[in-house]
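Here's a quick walk through a two-chain model, written for someone who likes cut-offs spelled out. Have the viewer open and follow along.

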Amino acid sequence: MSTIEIKNLSKSFGKNQALSDVTLTLKENCIYGLLGRNGAGKSTLMNIINNRIFADSGEILIDGIPSRDNDKALGKLHMMGEQLLYAPSLKVSEMFKAAACFYPEYDMEYAMKLSEEYKLNTKAKLQKLSTGYRSIAKIINALACNADVVFFDEPVLGLDANHRDMFYRQAIEKYNSRPATFVISTHLIEEAAGLIERAVVIKDGRLLLDEDTEAIRSMGYSVSGKASLVDEFAKGREVMSEDTLGGLKTAYIKGDRFSENIPDELEVQPLSLQSLFIHLTNS
Amino acid sequence: MTKHSFTASYKYQVRRIIFMLILTLCAALVAEIILVAIANYGIDGRLTLEGIGFPCLDALSGLMLFIYGAYFLAEFMNAGAANGVSRTTSLVSAIASNFTVSAALALFVSVVSPLINSLSDSGSDIFLLEFIYGEKKFFEFYGENAFVVRIRFFIMCTLSVFLCAMVGILFAAAFYKLSRVGTVIFTLIIVFVPAFGYPMASISLAKRGIDLDSCMKKFFTEVERAFGMAHVNGSQAGDFVRGGFMMLLTAVVMGFIAWLIVRRANAKPAAIRGD
């Protein structure tokens, strides 16, 4: 079981500051959603934690051990990245065998079973697979490796709705059968929301939020209905954002919905992760 | 570096190189047999294997390992990065796997090649190392045990092939670390500095009364002497111990420089056509 402590991490690419002084702790056995807009620094953060690129300053400790170039710490992690780090000429089955060399608890039987479920041809070369199937091959590899912490960077990239649903289900099944820390970076927040226990939001390379999804839901609520009624209700309350469609309006309001006296004509919903994300990251 | 991460990297790497090595050697053997048969048929109308042989197979092996060392390093570093292995471990195991493959190839050169050469009329096996350090027959003629001579040849061959692999690894490490622009500049330097830079420097220094050619000649003579090469002192036998030690030392220095280069190098994902 592994806890990752990220301390004052900064990274720049030329003049572009990708990460600024990020301090964060990833607790063990928790499913994290790493959220942020394009270019926010999510992949950079994951790549640094996994020793794929190096930070300009700051430190990462895995179970108290500095992770930089340290096999003892790095061996507890696996990252399913957007990019392919295996030789493209390898067959899918060869990629599984290669990973099995590195991860002592690698479950080859499970990898083959998932390959069948996804209808992934394990004899095909990685370079011959479509983008979607290449993602599937990497997903299976990540789920089968049984590492203590598994990072998924845009795991559902190029996957159809059925495959995406399969991935979410298998991630939960895996988490239940062998608890580990999953860090999932995705833009499909609504889809993954049911999976995520804790959300980490990054904006312009800075940590904006690190909170349990339950706590996020109680941070605010949305009211929908006739625009005039919504406007009247919203008066004097802290409105995070508003959506208007024809004569209907939705207002996202900060506060506890249970302590409010809300008119029956208005529909009340708990704040979704996506609404909060949009509100937080809109510049 | 942990024992497990090193063993895992080493196993993966040896498996990858050995497969390519066997493929290349089989292709070379088949090509040699076909070419000799065709050539003999063309000369006297008979399909025979007369004159078959692998001259300078040790040099060819060195060239092969140079290519493998250079070709596989990026793949090994990336595979390590994908599976929670540090750059240091990936590099150290790459060096170890290249050494293992060098020894395997040297064994092939020392044992199989003389057997193939014995198929020809001359039965001679010509090696670059023999040119440098003295012929095996010379030592056997002067009473040395044939087995000892062969073992010595095998050790020297392993070290020389390993040195070639390390040169490949060093080049690959530089390319792995560099950005795209840096790679282009580095390539241009490698190509153009010896081709144009040297003559220009030679002319420029000659105007100041410095003879660059003789300086370089002196330098290479000293290098040859340091490596115990026979023809420098005109004798038929070189200094094996000195040569072997220098090869090993040079390989270690190259490995250290390669480590300095790759220890903070970002993982470079594989390029896939069409993506």
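## Where the chains meet

Start at the interface: 25 residues of chain A are in contact with 27 residues of chain B, where contact means that the C-beta atoms of two residues, placed from the backbone, lie within 7 Å. On chain A's side, helix 2 (71-74), strand 6 (77-80) and helix 3 (92-102) each supply at least two residues. Helix 3 of chain A gives the most, with four residues. By type, the residues on chain A's side split into 15 nonpolar, six polar and four charged. Here Ala, Val, Leu, Ile, Met, Phe, Trp, Tyr, Cys and Pro count as nonpolar, Asp, Glu, Lys and Arg as charged, and the others, Gly among them, as polar.

Some housekeeping: this is a predicted model, with local features needing pLDDT of at least 70 and side-chain atom pairs counting only at pLDDT 80 or more, while totals for chains, interfaces and linings use all residues. Residues are numbered from 1 along each chain as its sequence is written, and chains are lettered from A and ligands numbered from 1 in the order in which they are written. Helices (H or I, at least four residues) and strands (E, at least two) are DSSP runs, numbered from the N terminus.

## The four-stranded sheet

Chain A has an open sheet of four strands in the order 12-13-11-14, paired antiparallel. Strand 12 (239-245) and strand 14 (267-270) of chain A sit at the edges with a single partner strand each, so one side of each has no neighbour in the sheet. Direction ignored, neighbouring strands of this sheet are turned by 20° against each other on average. Pairing here takes at least two DSSP bridges between two strands. Strand 12 and strand 13 (248-254) of chain A pair antiparallel over six bridges, and Glu242(A) stands opposite Ala251(A) in strand 13.

A residue is buried if 20 or more other C-beta atoms lie within 10 Å of its own, exposed if 12 or fewer, and partly exposed in between, with C-beta atoms placed from the backbone. Seven bridges tie strand 11 to strand 13 of chain A, running antiparallel, and Tyr221(A) has Ile253(A) as its bridge partner in strand 13. Strand 11 also joins strand 14 of chain A through four bridges, again antiparallel, with Val223(A) opposite Val268(A).

Helix 10 (273-281) of chain A lies across strand 11, strand 12 and strand 13, running at about 110° to strand 12. Axes are lines fitted to C-alpha atoms, for helices over the stretch in contact, and angles run from 0 to 180 degrees between N-to-C directions.

## A helix pair and a covered helix

How do helix 5 (131-144) and helix 6 (161-177) of chain A cross? Their axes come within 11 Å and cross at roughly 5°. The two helices are therefore roughly parallel, a label for angles under 35 degrees. Gly132(A), Ile136(A), Ile139(A) and Leu143(A) in helix 5 meet His163(A), Phe167(A), Gln170(A) and Lys174(A) in helix 6. That contact divides into four nonpolar, three polar and one charged residue.

Helix 1 (42-49) of chain A is mostly covered, with eight of its eight residues buried. Among them are Leu45(A), Met46(A), Ile48(A) and Ile49(A), along with Lys42(A).

## Positive phi in chain A

Asn51(A), which follows helix 1 of chain A, has a positive phi near 65°. Lys119(A) is not a glycine, yet its phi is positive at about 60°. Lys119(A) lies in the loop between helix 4 (108-118) and helix 5 of chain A, and counts as exposed because it has 9 C-beta neighbours inside 10 Å.

Asn146(A), also not a glycine, has a positive phi of about 55°. Asn146(A) is in the loop between helix 5 and strand 7 (149-153) of chain A, and is partly exposed, with 17 other C-beta atoms within 10 Å.

## Chain B

Chain B has ten helices and zero strands. Of its 275 residues, 34% count as buried. Among contacts in chain B between residues at least 6 apart in sequence, 78% join residues at least 24 apart.

How values were computed. Parallel < 35°, antiparallel > 145°, perpendicular 65-115°, else oblique.
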